Amino acid sequence: MNRFDYVRAGTVEEAVQAVASGANARFIAGGTNLVDLMKYNVERPGRLVDITRLPLDRIEERDGALRIGALATNAAVAYDERVKDRYPVLSSAILAGATGQLRNAATTGGNLLQRTRCYYFYDEGTPCNKRLPGSGCGAIGGVNRIHAIFGTSDKCIATHPSDMCVALAALEATVRVTGPSGERTIPLAEFHRLPGDEPERDTTLSADEIVLSVDLPAEGFAGHYTYLKLRDRLSYAFALVSVAAVMELDGQTIKAARFALGGVAHKPWRNPEAEGLLLGKPATRETFAAAADRVVSEATPHSENGFKVELARRAIVRALEQAAAGTPQSQTDKRIA
Amino acid sequence: MLIESGSPIAADTKVEIGLTINGEARRLQVAPWTTLLDLLREQLDLTGTKKGCDHGQCGACTVLVNGTRVNSCLALAVMKDGAEITTVEGLAKLSGGNGLHPLQEAFVEHDAFQCGYCTPGQLCSAAGVLAEGHARTRDEIREAMSGNICRCGAYTNIVDAIEDVIQSGAQG
């Protein structure tokens, strides 16, 4: 691990100032991703600004919805009674990720900002445009079984690894941030970005901005939801494909429906056109298949991840069936309902 | 050097922090890049906590920080200033009795280890699972313990041991 200055921030203002005035400075909270990346020399911050003392760990009621502080741990959010009751897709997605120990340390803000788990990103000895811009992409034409099939560029085919963010995308949460130019709110869909020509930028957050909270909308779709995660082993593995689906039904007619995919793109992947195909239609396998077909028609698989296209198509259909039936995927009994 | 909020501490400076480790309050000098795991093992000779992968993947380094289980390899010691740490060396004391912690008794009873390298992490993680109170069934125990690898493959007996303690109502 490289040597770094350490600053403990007592206030948000102090934290923002300490990051702005330090060379290659980073905020640190749970540390579960950043410390790991520092051990691999992928991250070499000149300064760490410890934000764990800031009063940002609350989960609060706000206008009939919930505001989740950036420092609320993944465990605190997943087991919060209000989240479990009103936003169960979020609780389920968080519990599908990582381990008990990691969820106790990792924070909401850190989960949003975690880096890809692309092998080439982690391996200093290989090219990676995200780690070292201009060095090339080892995954294109390389070992890319776990990589993206949507929204890739010729610079980067990495995926965003979060489960939590996939649920937040389906819920249409917003992210409240602040920095030297003041506070602003970013819709979740615009928080993460596609790699394009700048794969080193994961998000639209500036380096000197800090996440304050994730704000959930009032509608949590507690009646019809699922988080279906498909992976190489049944626990503690990143998604090959995951689907967060939420729905509102009027009898058997779909009144509202959204779904987001994880493990397939540089950000939680949504397709509004495909979601539009569900509206006003009967909640049947045929309806769901039409939406799934629309999504995967835009897939651009690489040499080793073609299987993800069919996997994604089937996962979307199954997730929408689970949501419609009110039988969400269990995160402890791993049999797929 | 003492930490002052907002004041940068230069990279080559050791800082003074306070930790209560297994019930004993201690003042310690640490470099900012020292992980809690390295502090315990290298500076304090508390070698019960094991270094397995050093990347948060194996769970051998699991300790309780303020009663919550975390991977000590991914925690910077300086950031835990003021915390209460329980390692496997302090687990028995945590249960209040004179003997072993109920989980330690159960691990012996159920032969829940072979080489023993992962055992301190398994025990601290299981103590965390009991405190969290979300695991009741075998499936739930297995899922809750998925952050602790046992390369000998003693999983079945580890689940038996933890299930036994949960069913007995002992909370440690």
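I started with a term: a residue is buried under 20% relative accessible area, exposed over 50% and partly exposed in between (1.4 Å probe, protein chains only). I kept in mind that this is a predicted model, where local features need pLDDT of at least 70 and side-chain atom pairs count only at pLDDT 80 or more, while totals for chains, interfaces and linings use all residues. Residues are numbered from 1 along each chain as its sequence is written, chains are lettered from A in the order in which they are written, and side-chain values use heavy atoms, with hydrogens and water left out.

**Entry 1: a pair within chain A**

I looked up salt bridges, meaning a side-chain nitrogen of Lys or Arg within 4 Å of a carboxyl oxygen of Asp or Glu. I found one between Arg285(A) and Glu321(A), with the closest N and O atoms 2.8 Å apart. Arg285(A) sits in helix α12 (residues 285-296) and Glu321(A) in helix α13 (residues 307-325), so this pair ties together parts of chain A that are 36 residues apart in sequence.

**Entry 2: a pair across the chains**

Next I checked Lys334(A), which forms a salt bridge with Glu143(B) at 2.5 Å between the closest N and O atoms. Lys334(A) lies in the segment after α13 of chain A and Glu143(B) in helix α5 of chain B, so the pair joins two chains. Are these two residues buried or exposed? Both Lys334(A) and Glu143(B) are buried.

**Entry 3: the interface**

I then counted contacts (heavy atoms within 4.5 Å): 37 residues come from chain B and 41 residues from chain A. The buried area, which is the accessible area (1.4 Å probe) that the two parts lose on being put together, summed over both, is about 3100 Å², and carbon and sulfur atoms give 55% of this area. Three salt bridges cross between chain B and chain A. One salt bridge pairs Asp54(B) with Lys39(A), 2.9 Å from N to O. On the chain B side, β4 (68-71), α4 (119-132) and α5 (138-144) are the elements that give two or more residues, and β4(B) gives the most, with four residues.

**Entry 4: the whole tally**

To finish, I noted 39 salt bridges over all chains.
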